[in-house]
Amino acid sequence: MEFFHEPKIDWMGKKWYFIGLSIPLLLAGLVSMVVKRGLSYGIDFRGGTLVYVKFALQPNLDQLRAHLDRQSLVNATLQGYGAATGHEVIVGLDLKTTTSTEALDTGKRAIIGALSSLYGPGPEGKVDFNNASPQTIADHLLAADPLGISSKGLEEATKTYRDLADALVQYRNRPPRSGLVADFQELRTVPGAAPSVLALLGKDFYLSGFAVRNTEIVGPKVGGDLRRQAVYVTLAGLGAMLIYIWFRFELIYGVAAVIATFHDVLITLGIFSLLNKEITLTVIAALLTLVGYSMNDTIVVFDRIRENVRLNKRENFPDLVNRSINQTLSRTILTSGLTFLAVLSLYLFGGEVIHGFSLVLVVGVIIGTYSSIAIASPVLVFWRERQGGGRVGERPRVLERQAVGVPR
Amino acid sequence: MESKLKGRVLVILLVFLVCVFGIVGFPRNLIQLKDNLRSRIRLGLDLKGGTHLILQVQVEDAVNAVTDQALERLRDELKAKNIPYADIQKTDSTHIVIKGLPQEKSSDMQALVAEQFSDWDLARLPGDPTGRALTMKVSSAANIRNQALLQSMSTIRNRIDQLSVVEPEIAEYGQSDFELVVQLPGVDDPTRVKDIIQSTALLELKIVQDNPYPSQEAALAAHGGVLPPDAELLPGPRTSSGQSWYLVNKIPAITGRDLTGAEPSKDINGRPSVNFTLNRDGAARFSRVTGQNIGRLLAIVLDRRVVDAPEIHGQISDRGEISGGAFTPEKAADLALVLRSGALPASIKYLSEETVGPSLGADSIRHGVIASIVGLLAVMAFMLVYYHGSGINADLALILNLIILIATFVYIDAVLTLPGIAGVILTVGMGVDSNVLIFERIREEWRSGKAVGAAVAGGFEHAFKTIIDTHVTTIVSAAILFTFGTGPIRGFAVTLTIGLLANLFTSVFVSRTIFDYVLSRRGKGEALSI
């Protein structure tokens with residue numbers, strides 16, 4: 001099977017079309033960033049509180065927002081995530097200007113307090129089973145001793161109830177419940193959960209309509225540190241790769257590759273701004289992956305150009321670049337197609353936590369592949385044309401090996 | 001040629017076996033296999049649930065405390081040496097300023113600082129001939145800050161160990177801002193842990209009233225059922241012979257607040273011991289109490305539990321030595337550490353907190369695994385369709401790549417996180433790229449009219465250069481991520497690096513060996529399935 005058989009496309013002849021495509025893309029992103037006053041950063045860069053909540057029933061977001069307002073959590077944000085049937089919402093709260101130790105988790109407490117007053121203020125004196133820790137459950141079991149094992153000694157009983165509590169919580173947390181039990185009778189299937197245990201749970205606990213699945217609290221210092229670090233790491237990474245390419249090829253190859261990669265990062269950031277997506281720590285990790293991928297793709301093309309330059313010094317440089325791109329085109333399409341398949345699977349099935357990550361990669365694979373042909377290679381050609389002649393043999397090199405396998 | 005090929009096949013089989021053994025061990029049945037898998041692949045907090053705290057040790061507290069002590073000591077010494085002054089005060093954490101010093105006492109002052117305040121530099125105050133500034137040496141201040149960080153770390157570790165958290169992790173975090181990261185797997189309510197970390201440990205030295213008892217009942221019986229009003233019963237260290245109990249004075253001789261330091265040392269007979277130093281107040285009290293109680297036991301009580309109860313050999317004032325027959329060097333060091341880390345040397349500020357509920361962790365694993373398998377299967381199926389027989393070749397290399405990757409994780413005890421799983425997917429992508437590069441090149445060489453063997457050799461030779469360049473570039477950027485990144489970014493960098501190294505082996509060495517093996521079994525001129 002084969003997609004391309006010795007294609008003869010004049011890529012460099014179309015370089016103005018490429019530039020005509022890239023510039024509006026870059027501008028659209030930049031304009032969006034300017035209009036929106038910079039990128040929108042996630043809580044991990046901005047500092048603040050995020051509480052991931054799963055509800056038993058589809059929550060009424062307007063009602064929830066009104067309730068949070070009444071609890072003076074006026075600037076709280078609500079955002080649904082995951083599959084619609086999951087009834088999952090992220091409640092976000094920006095960091096207030098206070099930086100004292102206490103302030104760090106007041107936001108979390110306030111949010112959970114507000115939720116519990118709306119979605120399950122249980123009967124007086126009962127504990128919410130869906131948000132109870134294993135320790136709390138074990139303590140209740142030990143105090144009431146529903147299995148009647150206290151005669152076996154305190155240590156034994158403590159261990160038995162601790163294990164039982166762990167098993168109950170594990171059952172509660174496993175999909176499809178994912179943290180929400182609707183009826184204590186569901187717990188029947190847990191090993192060791194005798195009817196007496198269920199009866200005790202019913203007596204001491206109640207089942208609220210929500211479960212806190214995850215909380216993230218980031219102080220202002222960590223957020224600021226991370227943002228600085230992300231920029232430095234990206235620049236350092238680009239610098240290191242520039243030096244490596246300079247060492248393996250020539251300086252202009254490194255410069256061209258870095259320009260192309262920079263172009264990719266800028267366009268991806270622009271798309272994030274246009275889509276109002278937040279830049280989080282995992283998105284930064286993905287951007288760095290994109291940098292690696294784009295470089296990888298560019299180097300494959302450059303590698304072929306270098307090889308062809310050594311073999312054929314008299315050829316017109318744009319033609320040589322075209323030929324190199326065409327020779328690697330089959331590989332380029334295959335690899336980016338397959339990588340696209342892998343990251344698309346990540347995007348579709350990877351879940352909410354890495355959604356931003358996989359979005360960058362889905363966009364990045366396409367742009368990273370495009371830029372090797374449309375940006376990096378034209379930069380080389382422009383440079384050679386400025387150097388004059390457009391001929392290849394800038395530096396005489398000894399023909400290292402026989403011209404093998406080059407069609408034409 | 002034939003034996004060379006055999007050797008290569010042997011190397012591959014060996015790598016395969018070592019890796020499979022690393023991942024699953026020697027399972028006897030399916031259940032054991034599952035258990036081994038679960039216990040050997042360590043999952044990060046984001047996958048198994050737990051709490052992740054970042055906190056900052058306010059090390060300047062410790063520097064301030066040292067300067068306060070120096071100020072106090074300086075006041076006393078100036079008085080003792082008859083050096084008059086108008087005003088003396090601390091201006092910030094590392095500076096003390098003295099004003100109104102008479103000209104003729106200048107050399108006395110210099111001598112005093114040189115002799116007794118070796119951690120300080122003395123300088124004139126600009127524009128004030130009677131003023132002097134004492135500045136703590138930069139190296140001393142740095143030392144105090146580092147000590148404070150290490151002490152806080154061990155204190156926090158001691159405290160968390162008492163909470164029966166499974167595999168907690170406490171490590172330095174970030175570059176140099178005295179930050180610590182605390183990871184508590186399975187803890188989904190961090191409030192209690194945070195309170196405990198932040199609380200001050202209570203160290204008390206108390207005189208033991210009589211000999212230790214084997215149980216509470218025995219102690220009560222010895223006193224006719226009622227404890228003396230000035231005494232209390234505290235549990236002692238748990239030993240192989242069981243729990244002992246000590247009847248100690250209610251009022252402590254000294255507490256952790258009176259301690260200025262503790263170091264492991266050796267006594268006159270060369271046996272391990274612990275030296276401790278007390279502040280002025282504590283020394284006065286301790287001297288009185290120990291003088292009156294020579295021959296009795298002194299209980300070292302940490303958080304209401306007797307850690308040790310050595311005998312008092314003589315009067316102890318500001319410097320003391322705790323020695324006993326049973327001290328090993330390790331035990332002495334531990335005791336010094338407990339004494340030092342009894343109280344946090346500096347306050348703690350929480351910078352961030354993340355709690356992943358185990359339910360979200362379970363969902364993440366499920367999603368990650370499904371995404372990986374779907375992606376992998378799609379890619380493998382495509383390779384088979386596009387490259388026919390050689391597709392098997394690529395798929396085998398890909399599977400071995402993943403096995404090596406996971407086994408390396410087990411062997412180096414690395415933790416698999418969600419970004420790590422994403423790194424695995426990227427490794428798969430680049431692994432496929434290597435194979436595509438090679439196969440396309442072989443096709444190209446073949447089309448140019450070469451014989452099958454020469455085409456394969458040429459394809460590998462040319463593609464190898466490209467593969468090296470792309471891999472090294474990506475590893476360089478991964479190294480940067482690992483060096484300067486933290487947490488999730490590091491996890492990603494580690495997986496990517498291991499994956500790419502494994503890929504160099506599988507796509508170049510393994511894939512080539514399979515090709516050569518297939519070629520060696522075919523007749524000349526037979527077509528290659530690619």
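**Close-up 1. Met295(A) in helix α10 of chain A.** In this predicted model, Met295(A) is part of helix α10 of chain A. Is it buried or exposed? Met295(A) has 31 C-beta neighbours inside 10 Å, and 20 or more are enough to count as buried, so Met295(A) is classed as buried. Setting aside neighbours within four places in sequence, its contacts are Met241(A), Ala257(A), Thr261(A) and, from the other chain, Thr473(B). Look also for Thr369(A): the C-alpha atoms of Met295(A) and Thr369(A) are separated by 9.4 Å, although the two residues are 74 residues apart along the chain.

**Close-up 2. Helices α8(A) and α9(A) packed together.** Two of the residues that touch Met295(A), Ala257(A) and Thr261(A), come back here as part of the α9(A) side of this helix pair. Helix α9 covers residues 251-274 of chain A, and α8(A) packs against it at an angle of about 150 degrees, the axes lying 7 Å apart. The crossing of α8(A) past α9(A) is right-handed. From α8(A) come Leu238(A), Leu242(A), Ile245(A) and Trp246(A); they meet Leu251(A), Tyr253(A), Gly254(A), Ala257(A), Val258(A) and Thr261(A) in α9(A). By residue class, this contact holds 8 nonpolar, 2 polar and no charged residues.

**Close-up 3. Where β6(A) meets β17(B).** Here a strand of chain A pairs with a strand of chain B: β6(A) and β17 (residues 348-356) of chain B run antiparallel, with 5 bridges. A handy landmark is Ile217(A), which stands opposite Glu353(B) in β17(B).

**Close-up 4. Strand β7(B) and its two partners.** Why is β7(B) described as largely enclosed? Of the 7 residues in this strand (residues 179-185), 6 are buried, so the rest of the structure largely encloses it. Strand β1 (residues 50-57) of chain B pairs with β7(B) in the antiparallel sense over 7 bridges, and Ile54(B) is found opposite Val181(B). Strand β6 (residues 169-173) of chain B is also an antiparallel partner of β7(B), with 5 bridges; there, Glu169(B) faces Gln183(B).

**Close-up 5. The contact between chains A and B.** Each chain brings residues to this contact: 63 residues from chain A and 63 residues from chain B. On the side of chain A that touches chain B, the elements giving two or more residues are α4 (103-118), β6 (210-218), α8 (220-248), α10 (281-311) and α11 (317-349). That side of chain A is made up of 33 nonpolar, 21 polar and 9 charged residues.

**Close-up 6. Chain A on its own.** Of its 408 residues, 45% count as buried. Among contacts in chain A with a separation of 6 or more, 78% link residues 24 or more positions apart.

Methods:
Residues numbered from 1 in each chain as written. Chains lettered and ligands numbered in written order. Predicted model: local features only at pLDDT ≥ 70, side-chain atom pairs only at ≥ 80, totals over all residues. Contact = placed C-beta atoms within 7 Å. Helix = DSSP H or I, 4+ residues; strand = E, 2+ residues; numbered from the N terminus. Nonpolar A, V, L, I, M, F, W, Y, C, P; charged D, E, K, R; others polar. Pairing = 2+ DSSP bridges. Buried ≥ 20, exposed ≤ 12 C-beta atoms within 10 Å, placed from the backbone. Axes fitted to C-alpha atoms, helices over the stretch in contact; angles between N-to-C directions. Left-handed = near helix turned anticlockwise from the far one by under 90°.
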